[in-house]
Structures are given as structure tokens and as C-alpha cells.
Amino acid sequence: MPGFPSLTETERKHPDTAMTARILIVEDEMLVAMELEAILEDLGHQPAGIAPDLATADDYFDLPLDLALVDLNLRDGLTGPQIAERLSSKGVPVIFITANPRQLGSGLAGTIGVITKPTDPATVKAAIDYVLGVRSGLQVVPPPNLKLFG
């Protein structure tokens, strides 16, 4: 997919590092956020942080991120789409994880797709693997639980 940041030369030469990603969690329910954080760590990825609202997410907009997992409704309202738009404008792939996927309609420009909550570690892993695979130039099939946007 166009718009994904490309891998560095080091990542190309050392594929084991190519699959380790810095991933931002944008989620206001702390138990859900902590579960996602544990899933990411179990998968060998580096959680970049947890942002429960737009003000907190602002601290991450200029950091190097490989992916963001973004909920729609946060503690400051429906700010997930605004956060996703800012991240994707900086080249960060965004996957929404929400209980309300219909609120996204046909999607938000620059974002990848949506996973419906509640979710499980296998679904999260498959979505992350898909994004990282596409980013590295591999021909990968989207997982069934990731609804891709146009």
C-alpha cells in the first residue's frame, strides 16, 4: 500500500529487526490499553506508549513510530479520527481498534483499516504482521478480521 514508510537498510539486511516495531496505543480504557501493551510485548514489539486522549497523543506525533492502534472514542470524545489523521499525515500506518466500526463509514484517508472490539491476541498479531509485511514490500494477504479501507 502506498504511504507506508519504507524499511531502513539495516532492517533489510537484518530481517529479525524488521519485524520489531514501535507501536503507539491510543486507548482510554486502561485495562484494554494494558492488555494491548502486553500483547505487543509478547509479540516482541516495543509499545511506544499509551495515549488516552488528544492532548496526550500530541506528545507522540513527532516520535518515530512504525504503527498506531487507535480507538475512536477516547476520554475527550470522538478524537480518535483526528489523532489518526495527524499520525497518518506523518507516514505512520494506523489501524483502528473500536467497538463502533460503523462510525468510520468507508474509512479515513491515509489509514489502513479497522479491527472490531473485543479482539484477541491472534487478531492483533495478524493485523500487525500484515502492516509490517506490506511495509517491507512482501505480498501479504489481509487477515479476515481486519477490514481494509479503500
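Welcome to a predicted model, in which local features need pLDDT of at least 70, side-chain atom pairs count only at pLDDT 80 or more, and totals for chains, interfaces and linings use all residues. Residues are numbered from 1 along each chain as its sequence is written, and side-chain values use heavy atoms, leaving out hydrogens and water.

Helix 5 (residues 80-89) has Gly80, Ile83, Ala84, Leu87 and Ser88 buried (under 20% relative accessible area, 1.4 Å probe, protein chains only; helices are DSSP runs of H or I, at least four residues, and strands of E, at least two, numbered from the N terminus). These residues sit on the same side of helix 5, because they cover an arc of only 125 degrees around the axis, taken from the directions from the helix axis to the C-beta atoms.

The buried residues of helix 5 pack against strand 1 (22-26), helix 4 (54-57), strand 3 (67-70) and strand 4, where contact means heavy atoms within 4.5 Å. Just after helix 5, Gly91 has a positive phi of about 90 degrees.

## An aromatic pair

Searching the whole structure turns up 1 aromatic pair. Its partners, Phe96 and Phe149, are tilted, at 6.3 Å centre to centre with 55 degrees between the planes (ring centres within 6.5 Å make a pair; planes under 30 degrees apart count as stacked, over 60 as edge-to-face and the rest as tilted). Phe96 belongs to strand 4 (residues 94-98) and Phe149 to the segment after strand 6 (147-148), so the pair ties together parts 53 residues apart in sequence. Both Phe96 and Phe149 are buried.

Definitions and conventions: Phe/Tyr/Trp six-rings, centres within 6.5 Å; stacked < 30°, edge-to-face > 60°. Buried < 20%, exposed > 50% of the residue type's maximum accessible area, 1.4 Å probe, protein only.
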